[in-house]
Amino acid sequence: MTEPGRRRPARVRVTRTVPLRGRVTSPPRSEDVVSVYDRSLRRAQLRWSVASVLVVVVPLLLLPLLGVLAPGVAALPVLGVPLAWWLLAAAVYPVIWLAARRHVTGAERTEQDYRELVEDPARDLP
Amino acid sequence: MTHAPALAAIAVVVAVTVLVAAYGTRVSRTTGDFYVASRAVRPWWNASAIGGEYLSAASFLGVAGLVLLEGADALWFPIGYTVGYLLLLTFVAAPLRRSGAYTLPDFAELRLGSARARTASALVVVVVGWLYLLPQFTASGLVWSAATGLPRWMGTMLVAVVVCGAVAGGGMRSITIVQAVQYWLKLTAIAVPACVLLALWGINGAPDSQAPADWALPSSEPTDLYGTYSLLLALLLGTMGLPHVLTRFYTNPDGTDARRTTRTVIGLLGLFYVWPPVYAVLAWRYAPQLAEAGRADTLVVDLPALAAPGTLGVVLGAITLGGAFAAFLSTASGLTVAVSGVLARDLTPGGTTGAAAGAAGTGGVGVTTGDRRAVTRFRLATLVALVVPVGVALLGVDVPLAATVGLAFALAASTFAPLLLLGIWWDGLRSGPALAGMATGGAAAAVAAVLTLTGVTARAHPGLAEALEQPAAWSVPLAVAVMVVGSLLQSRRERFTDTPLPAPPVQPALLHRPEPVSDRPVPAVVSGTARRRSPTARR
């Protein structure tokens, strides 16, 4: 900060300043705090989040259709209880939990990659 | 005295709550303690506390009653309540915690850089909170009078007084311990009687009464699909907008822990939600007379005495009754903390100064004058937060319980969910359009609720009534559209007129930065259930 007053200091908790490599293509207003790495981290996390949600929600949204399109299948008795009940009252919960676990592992791995990249930006370059 | 077991069960739950809260009060002294338990709550405790807080009267009693009345279609309610946490986990938990905000209004101000956004969010928090508190107090009166034969107001007042004492006494830190204990209390209280009743069925067989044939099957009417999908959307998105749930996330030490906490919550909720449908199935066998609108709501409490013989049935009934009171107490406490936090900090002048002094410190080391003033303010706000819903409950206004909770979810889904999702993941969101979107979504959900509750549209336009009963499917996209289109138009105008853009105090892209390596031990890259965290290096 050679010229105090010219540039507003960032009020964001910055843990580490990152040398900018290349050109920042995103909006120019935040190039001093938000790096290319931050943007790609967010993109990666967003993709992973959408994937984790779709894995659960798409089959879930198809279940009401099952009742409408194939009432016979939904009523199929398994151990005296209709299949729809096994799916809706029991099976969904372990599936949701496993998806959540998988998501956390993946998200933490992405963050670990980010940390390594920020610490040693040259490592991944040829 | 036939009501002795019921009174004893309630007394035990209240005593446990008061004792645990008293313990919490002793260790809780700074502002940080009051609002966010000094951000030092470990994932396992925090997850139990979130579970304890979230499983309300609607989950403990309402789900079983709805399944009894509506059959397989009502199974969507607990699914929606659980998947809501998956959305919270994937899109909100970690970045929200990393934003460093205290409450939802804090986030709105940090992200949008506008004090108006803070006030508007605070108002929505209070409305959603009161809508959700009201059924807790009404249901506690109902269940109390059904179980003990005493007047309703006593049950409502009992819950109100205990909640007031626990919240005003120890704030968030004390409540965290209370709620964590109450999750396990509730799980035991619903699972153990269900297992005993199922075992009795296996040994003795059951009376041969049958549910109607279409009860056990999901709806095969294509027209019901809209209702199911819209309900799911409201529950999925509404969960992330519930103020008492979000406030809990600020009590995590960091973003990584926020995520792990949410993962554990999903497991705990699943563990609980398999039980309510069991009661509905048992009720068709043992007590089909419960399957009518007025009685189904207290099915979980009434069934054991009808299904099991003699003393065993009475004891099992007392256990589920205790669980129901644990549900009233914990949910009402969590909501009261959230509402009074907002009342004390955001909706009264000068609220942020005293609190900010304590907010800066994360440890419970020193107690400053600012702390003391902020704590007094918080205690006064607790009274205000409780007076309105308790008053309405005591007046005996006949509020449909499920509809009120549904309205709270629809309102949260139409206001906070778009704000959080766009605010965290999209740089382009601007303050003005964000406020307009929240107002549009909130107004749409509220108008739909009023029209439904008064029954105006049901008479005039039966087709329209369906759309208004479950408004989320159109009110949420409406709110999102207003936010996105408004922000795009504004940024085009700014580019055209070359106005410099004011940067928000918090850059959305930075909310995703993990905590620095030095702050927390690195998780191993391998997946597995083993503890991936070294015991050292905790703050």
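Residues are numbered from 1 along each chain as its sequence is written, and chains are lettered from A and ligands numbered from 1 in the order in which they are written. Because the model is predicted, local features need pLDDT of at least 70 and side-chain atom pairs count only at pLDDT 80 or more, while totals for chains, interfaces and linings use all residues.

**The two chains**

Let's begin with chain A. It holds 3 helices and 2 strands, where helices (H or I, at least four residues) and strands (E, at least two) are DSSP runs numbered from the N terminus. Read from the N terminus, the order of elements in chain A is α-α-β-β-α. Chain B, by contrast, has 21 helices and 0 strands.

Burial is counted with C-beta atoms placed from the backbone: a residue is buried if 20 or more others lie within 10 Å of its own, exposed if 12 or fewer, and partly exposed in between. Contacts use C-beta atoms placed in that way too, and two residues are in contact if theirs lie within 7 Å. The table sets out both chains.

| Chain | Residues | Buried | Contacts joining residues at least 24 apart, among those at least 6 apart |
|---|---|---|---|
| Chain A | 126 residues | 25% | 48% |

**Helices α9 and α21 of chain B**

How do α9(B) and α21(B) meet? The axes of α9 (residues 224-241) and α21 (residues 472-497) come within 8 Å and cross at roughly 50°. These axes are lines fitted to C-alpha atoms, for helices over the stretch in contact, with angles running from 0 to 180 degrees between N-to-C directions. Angles under 35 degrees count as roughly parallel, over 145 as roughly antiparallel, 65 to 115 as roughly perpendicular and the rest as oblique, so the two helices are oblique to each other.

From α9(B), the contact draws on B:Y226, B:Y229, B:S230, B:L233, B:A234 and B:L237, and α21(B) supplies B:A472, B:A473 and B:V476. By type, the contact residues comprise 8 nonpolar, 1 polar and no charged. Here Ala, Val, Leu, Ile, Met, Phe, Trp, Tyr, Cys and Pro count as nonpolar, Asp, Glu, Lys and Arg as charged, and the others, Gly among them, as polar. In general, an α-helix has 3.6 residues a turn, so residues three or four places apart point the same way.

Although B:A234 and B:A473 are 239 residues apart in sequence, their C-alpha atoms are 7.6 Å apart. Beyond neighbours within four places in sequence, B:A234 is in contact with B:F409, B:A410, B:A413, B:Q470 and B:A472.

As for α21(B), its 26 residues reach 37 Å from first C-alpha to last, close to the 38 Å expected at 1.5 Å a residue; the expected span is 1.5 Å times one less than the number of residues. Its buried residues are B:A472, B:S475, B:V476, B:A479, B:V482, B:M483 and B:S487.

**Helix α4 of chain B**

Helix α4(B) (residues 57-70) has 14 residues and reaches 18 Å, close to the 20 Å expected. It carries a kink of about 30° centred on B:V63, the bend at a residue being the angle between axes fitted to the seven residues ending there and the seven starting there. Because 13 of its 14 residues are buried, α4(B) is largely enclosed by the rest of the structure. Just after α4(B) comes B:G71, with a positive phi of about 80°.

B:V245 sits in helix α10 (residues 243-249) and counts as buried, because 24 C-beta neighbours lie inside 10 Å. Its C-alpha is 7.2 Å from that of B:Y54, 191 residues away along the chain. Leaving aside neighbours within four places in sequence, B:V245 is in contact with B:I50, B:Y54 and B:T239.

B:R345 belongs to helix α14 (residues 310-345) and is buried too, with 28 C-beta neighbours inside 10 Å. Between B:R345 and B:F378, 33 residues apart in sequence, the C-alpha distance is 8.2 Å.

Lastly, B:W215 lies in the loop between α8 (152-204) and α9. Is B:W215 buried or partly exposed? With 17 C-beta neighbours inside 10 Å, B:W215 counts as partly exposed. A distance of 52 Å separates the C-alpha atoms of B:W215 and B:G113, which are 102 residues apart along the chain.
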